[in-house]
Structures are given as C-alpha cells and as structure tokens.
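Colleague: I have the sequence and the model open. Can we go through the packing together?

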Amino acid sequence: MGIGRSEAVAALLGAATWTATEYGLHRFAMHELRGKGLASVEHLKHHADVTYFSPASKKLLSAAGTTAVAWPAASAVAGRRWATAFTTGMIATYFGYEVAHRRIHTHPPRSAYGRWARRSHLHHHFGAPMRNHGVTSPVWDKVFGTYQEPGVVTVPRRMAPVWLLDADGEVRPELADDYRVKGGRARDRAQAEQDRADAFANLAPA
C-alpha cells in the first residue's frame, strides 16, 4: 500500500474515530457528570438555553486537547505521518460536527439526513436527554442501546428553533409531520431557573 493511500485510510479512520469520540464525550463527559467539569457545564448550559453555544475559544481548546491525546497515541502505534493524517481526519470531522450541530438549531432541514439529524437531536433535547447522544450518526447509540426513535417531537414553544415556527408561533406546515409545540413563548426568570435545574438533572424541559 502506497503512502498516499495509507494516509487516506488513516484520515478516514480518524473521521470514524471522531464519531465514537463524539458519542463518548456527549454521553459521559457532558451528561453523566451533571455539571462536574467544564465540558459538562458548557453543554448543560446549552440544554437549559438552546441559543447558548460555547465560545470558539473553548472549542479550540477542546480540539487542542483532543489532538494532544490522539496524535501521540497514533504516532506510537503507526508512525508520525500516519498519525498526522489520522489526527487531521479526526479534527476535521470534529469541526464538521460543530458546524452541523449549530445548523441543527439555526437552519431548517434540506435533505433526508438533515431531517433525521434534527428530529433525533431535538428529541435528545426535549424528550430524552440520556438518549441519542450521536449528533452526526446513530451508529454508536445503536451499538450501546441508547438510540430511541424520535417519533413526533414535542418542543416547548419557548425553546423552539427559529426555523420551526411561523409568525403566529405555530409549527410550519411543511414540518407538522415531525414536530408539535406546547406552552407559551414567554420565559421569565423562574422558568429559566427551572430549565437550568432540569438540564443539570438530565431531565427534559417541562
């Protein structure tokens, strides 16, 4: 196998490894810890307020931490060139995940995959926070028994993505087969505190 082909395979393996890392971090480091540690705090703040996303500086720190672990380990196993390709594939897929995750919350679906990703992830947010940890892929949830078919996703109106509702606060007709909304749009201080408490307890918002 030539070097170019070997490095391409390494990059693909790095990308596949990210999907497993995504699942593990999301499930264990972010949810199971219930606010213990920076990753868990940042993620559960996002569950409490879905318009909140960790700043870019913290995402870059996460990428640096992942690189600091992945590259030396891969280098020890297969050499520097292979490790560089592997880590590049992994980190590139991580950044792709960050873009995909944000777009789930900010943009409507444009494809069958986009439809699945939004239904699965919004079910995770609003129906079952300890299910569907894979944002970009259901593979590891299915392997470990944490995948749950979302069905029709019920979304609190106060937390609904901007793309979901029309001017009257109702689900857009083209999305009505996948979603329904409940409650009002208002979110006072007491509601915000309750949303935070629910998020840090890994409960779906009331």
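This is a predicted model: local features need pLDDT of at least 70, side-chain atom pairs count only at pLDDT 80 or more; totals for chains, interfaces and linings use all residues.

Modeller: Residues are numbered from 1 along each chain as its sequence is written, and side-chain values use heavy atoms, with hydrogens and water left out.

Colleague: Which residues of the largest nonpolar core touch the most other members?

Modeller: A nonpolar core is a set of buried Ala, Val, Leu, Ile, Met, Phe, Trp, Tyr and Cys residues joined through side-chain atoms within 4.5 Å. Buried means under 20% relative accessible area, exposed over 50%, and partly exposed in between (1.4 Å probe, protein chains only). The largest such core has 15 residues, and those touching the most other members are Trp18, Phe86, Met90 and Tyr97.

Colleague: Which helix supplies the largest share of this core?

Modeller: Helices here are DSSP runs (H or I, at least four residues), numbered from the N terminus. Helix 1 (3–32), helix 3 (56–78), helix 4 (80–106) and helix 5 (112–126) each give at least two residues of this core. The largest share, 7 residues, is from helix 4.

Colleague: What is Phe86 in contact with, beyond its neighbours within four places in sequence?

Modeller: Contact means heavy atoms within 4.5 Å. Leaving those sequence neighbours aside, the partners of Phe86 are Ala10, Ala11, Leu13, Gly14, Thr17, Ala70 and Ala74.

Colleague: Which residues of helix 7 make the contact with helix 2?

Modeller: Helix 2 brings Val41, Leu44, Lys45, His47 and Ala48. From helix 7 come Asp195, Arg196, Ala199 and Phe200.

Colleague: Is Asp195 buried or exposed?

Modeller: Asp195 lies in helix 7. Leaving aside neighbours within four places in sequence, Asp195 is in contact with Ala48, Arg158, Met159, Arg187 and Pro205. Its relative accessibility is 2%, so Asp195 counts as buried.

Colleague: What is the relative accessible area of Val41?

Modeller: Val41 sits in helix 2. Beyond its neighbours within four places in sequence, Val41 is in contact with Gly35 and Phe200. Val41 is partly exposed, at 24%.

Colleague: How far apart are the C-alpha atoms of Glu7 and Ala83?

Modeller: Glu7 belongs to helix 1. Its contacts, leaving aside neighbours within four places in sequence, are Arg81 and Ala85. Glu7 and Ala83 are 76 residues apart along the chain, and their C-alpha atoms are separated by 8.6 Å.

Colleague: What is the phi of Asn202?

Modeller: Asn202 is in the segment after helix 7. At 9% relative accessibility, Asn202 counts as buried. The residue is not a glycine, yet its phi is positive, near 60°.

Colleague: Where is Arg34 found?

Modeller: Arg34 is not a glycine either, and has a positive phi of about 50°. Its place is the loop between helix 1 and helix 2.
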